[in-house]
Structure formats: C-alpha cells, structure tokens
Amino acid sequence: MNSFISADNAWALWSILVGTAALSIYLEQTYAWASKITGAIIGLVIAMVLANLNIIPTAAPTYDVVWGYVVPLAIPLLMFNANIKKIWRESGRIMIIFLLSSIGTIAGVTVAHAMLKNSIPELYKMSAIMTGSYIGGGVNFAAMSEAFGAGESWISALTVADNLLMALYFFVLLAIPTMNFFLKKFKHPHIDAVNAMVDTSEGETLAKQYWGRKEISLRDIAMSLALGLIIVWVSTELAAVLKGIIPTGNFFLDLSNGLLGNKYLLITTFTMLLATFAPKFMSGIHGAQEIGTFLIYIFLVVIGVPASISVIINQAPLLLVFTAIIVIINMLVSLVLGKLFKFDLEEILLASNANIGGPTTAAAMAIAKGWNKLVGPIILAGVFGYIIGNYLGIFMGNLLQYM
C-alpha cells in the first residue's frame with residue numbers, strides 16, 4: 001500500500017524527520033513529562049505512529065541518506081573532546097560488559113530456537129542471522145542471510161520484526177535509567193554526573209539546563225562541519241583501501257580486515273587522536289556537540305520508521321515472538337551479569353544496546369542521556385561486535401541445525 005507521502009518526496013520526508021526531531025527537543029526542554037520520557041523516545045514514537053498510519057513510507061532513499069551520511073557526520077562532531085588518555089580504561093570495561101551481554105544474545109537465540117523450531121521452518125537459519133545481527137549489526141544480518149540462503153519472504157518479515165523490536169527495546173533502555181528500581185539496585189555515576197550539572201528547582205527541565213545557550217560563532221559552525229566532514233571523508237576512503245588490500249582467509253586476517261576496513265572505527269580513531277594530541281584546538285571549537293546531537297535526534301526518528309506492525313501481523317507474527325525472546329533474555333543476562341561483576345547501570349544498558357542495535361544506536365543513547373564519556377568506548381565495542389558477529393552467527397547456525 002502506498003503511503004500518503006511517497007518515498008521519492010524527499011523534501012516532505014526531510015521536513016518531517018527534522019521537524020519531528022525539533023519538536024521532540026522542544027517538548028523535552030519545555031515540559032517536565034516530556035523531559036522524563038526524553039526527546040529521543042518522543043521522536044521515535046512519533047515516527048512509528050506516522051509509519052503505521054501509512055502517512056510516511058517505511059523505506060525511502062531519504063532514510064538511507066540519514067544512515068549513510070548524517071550518522072557518520074554526527075560521530076566526529078560528538079567526539080571533539082574525546083581525549084583517549086581519559087577514556088582508555090572505560091573502553092576496557094565497556095568491552096568486557098559487551099562480551100558478557102553477547103552471552104545473553106547467544107542464550108536468547110538458543111532458547112528461542114528450542115521453543116519455536118517446530119513452528120517456523122528452518123529456524124536455524126534465522127537463528128544464525130539474529131546471532132550475527134544481535135551481536136554485530138546490519139552488515140552481519142546481510143552476511144548471514146546470504147551465507148544461509150534463507151528465503152526472501154522470511155528475510156523481509158524478519159527484517160521488520162528486527163526493526164520493530166529494536167525500536168521498542170530502545171524505548172525500554174531509555175526508560176530504565178528513570179526507574180527507581182534500577183537506580184536503587186545499580187551504581188549509576190554518569191546519571192549522577194548529569195543530574196549534578198543542573199538544578200531543576202529553578203523550574204526548568206534537566207534537558208533545558210543541560211543544553212543551555214552557549215557562546216558560538218560563525219567560525220565555530222564552519223570549523224565544526226568542515227572538520228567533521230573531512231574526518232568522515234578520509235576515514236571512508238582509507239577504510240575502502242584497507243579493506244581491499246588486507247587479505248582474508250583466517251581469523252586474524254579477517255579480524256584485521258574487518259577492523260581497519262570499517263569506516264566507523266577509523267572515524268572514531270581519527271577524532272580521538274585529534275582530541276588527544278590537539279585538545280586545546282578541538283575543545284576551542286564550540287557548537288560541535290550541539291550540532292552532532294541534533295543529527296543524532298534525526299537518526300533516532302528514522303529508527304522508528306521501519307517498525308511496520310501490519311507487516312508483522314500479516315506475514316510472520318511468530319518471528320516477532322522469536323526476536324522478542326532473544327531481546328528479553330539478552331536484557332536479563334546483561335543486567336544479571338552486570339550486577340554480578342559490579343558494572344555501572346549505564347555501561348550495562350549501552351552494552352545491551354550495542355548488541356541489539358549496533359554501535360550507532362548505542363552511541364545515540366549515550367548522547368541522548370548526556371553520558372558523553374561513554375560514546376567513544378561503546379562505539380569501539382560495537383564495532384568489535386561487527387567482527388565477531390559473523391563467526392558466532394555461523395557457529396550457532398551450524399550448531400542449531402542439528403538440534
């Protein structure tokens with residue numbers, strides 16, 4: 001069914017995406033209820049409603065532009081102060097909890113397969129795909145789909161189920177830090193740090209005070225965008241070159257090719273090197289964080305768009321159950337192991353997010369919550385998930401085929 005706004009109406013779709021992001025920020029900074037929900041959730045929910053009411057399409061070239069250009073540009077802008085000397089220890093902690101969260105994905109896939117293998121044909125193929133996707137990301141989803149030759153109709157339905165669950169789970173992850181139960185059970189220093197920066201007794205929302213007016217000049221805007229674009233350009237070109245010249249064939253070569261050939265890792269690396277060795281220059285550019293955050297809000301709106309509930313109901317409702325089981329078990333395992341090994345609540349939630357949604361959604365959550373010190377580390381952990389996702393997906397697919 002055609003949507004009210006066609007997929008090729010770029011101006012209308014850009015107006016809706018940017019307008020929704022702006023509305024979400026306005027509501028978050030104006031009303032206490034919206035501040036508690038967060039602008040990220042508001043934007044995501046508005047996009048889901050518009051898509052499911054068939055007002056906007058669930059797929060369009062405009063959305064691809066957001067994934068391909070807006071997100072890569074946002075990452076360096078948000079890391080202008082990411083001094084690697086200050087975050088290397090946090091990167092190690094994030095990597096450990098990310099791997100522990102990956103155990104939750106594997107456990108979830110195993111349980112979901114055992115429960116539904118008699119109801120969904122060749123479920124081991126979908127299990128391989130979701131293992132790769134829920135440890136890595138979209139690139140692993142595509143790779144496992146090709147490797148196991150799952151039918152196109154099943155892949156289409158599984159894609160929608162994946163997108164819907166990711167959107168719903170993102171909603172849950174953003175809500176958990178506001179719940180007293182979790183705040184009482186876990187340490188949360190980053191939440192405390194954000195709260196300490198503002199005084200809500202003055203009658204303003206936390207978001208409005210955190211994002212208060214700052215001095216910014218035309219030069220700042222120009223330098224922010226120019227430097228951000230250059231970093232993305234150089235990283236993209238270099239990643240393509242390295243991916244082409246680094247051979248593959250064994251674990252270590254595949255690991256090197258996957259890491260050095262990933263533009264997001266290079267974007268993160270180059271920006272952190274600049275922030276580390278030219279801290280005065282980078283911190284002297286004002287406005288980069290604000291611009292980058294607004295770009296991420298646009299991305300958050302796009303996340304909610306593909307979650308078409310009608311497609312799931314009409315094509316394969318059991319796949320929604322299948323993915324839901326994986327996500328729920330991942331969350332439970334992440335929280336239990338995170339508590340057992342004394343990780344902070346913020347680290348646990350971001351690690352689970354990086355597993356289910358990938359480094360971009362995890363970084364988006366960190367930014368939306370003001371946990372800026374964790375942006376660089378979670379991107380590194382999420383990119384590592386891209387590497388191990390294919391190996392674990394192939395392993396689980398072959399294992400479950402005989403179970």
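Start by selecting A10, L13, W14 and L17 in helix α1: these residues meet T62, Y63, V65, V66 and V70 in helix α4, where contact means heavy atoms within 4.5 Å. By class, this contact has eight nonpolar residues, one polar and no charged ones (Ala, Val, Leu, Ile, Met, Phe, Trp, Tyr, Cys and Pro count as nonpolar, Asp, Glu, Lys and Arg as charged, and the others, Gly among them, as polar).

The model is predicted: local features need pLDDT of at least 70, side-chain atom pairs count only at pLDDT 80 or more, and totals for chains, interfaces and linings use all residues. Residues are numbered from 1 along each chain as its sequence is written, and side-chain values use heavy atoms, leaving out hydrogens and water.

Next, select residues 10-30 (α1) and 61-77 (α4), which pack at about 60 degrees with axes 10 Å apart. Helices are DSSP runs (H or I, at least four residues), numbered from the N terminus. Axes are lines fitted to C-alpha atoms over the stretch in contact, and angles run from 0 to 180 degrees between N-to-C directions.

Now go to W67 and F299. Their ring centres are 4.9 Å apart and their planes at 85 degrees, so the pair is edge-to-face (centres within 6.5 Å, planes over 60 degrees apart). W67 is in α4 and F299 in α16 (residues 288-304), 232 residues apart. W67 is partly exposed at 35% relative accessible area, whereas F299 is buried at 0% (buried is under 20%, exposed over 50%, partly exposed in between, with a 1.4 Å probe and protein chains only).

Finally, select F181 and F182, an edge-to-face pair with centres 5.2 Å apart and planes at 90 degrees. F181 is exposed at 53%; F182 is buried at 14%.

Methods. Helices (H or I, at least four residues) and strands (E, at least two) are DSSP runs, numbered from the N terminus. Rings of Phe, Tyr and Trp (its six-membered ring) pair if their centres lie within 6.5 Å; planes under 30 degrees apart count as stacked, over 60 as edge-to-face and the rest as tilted.
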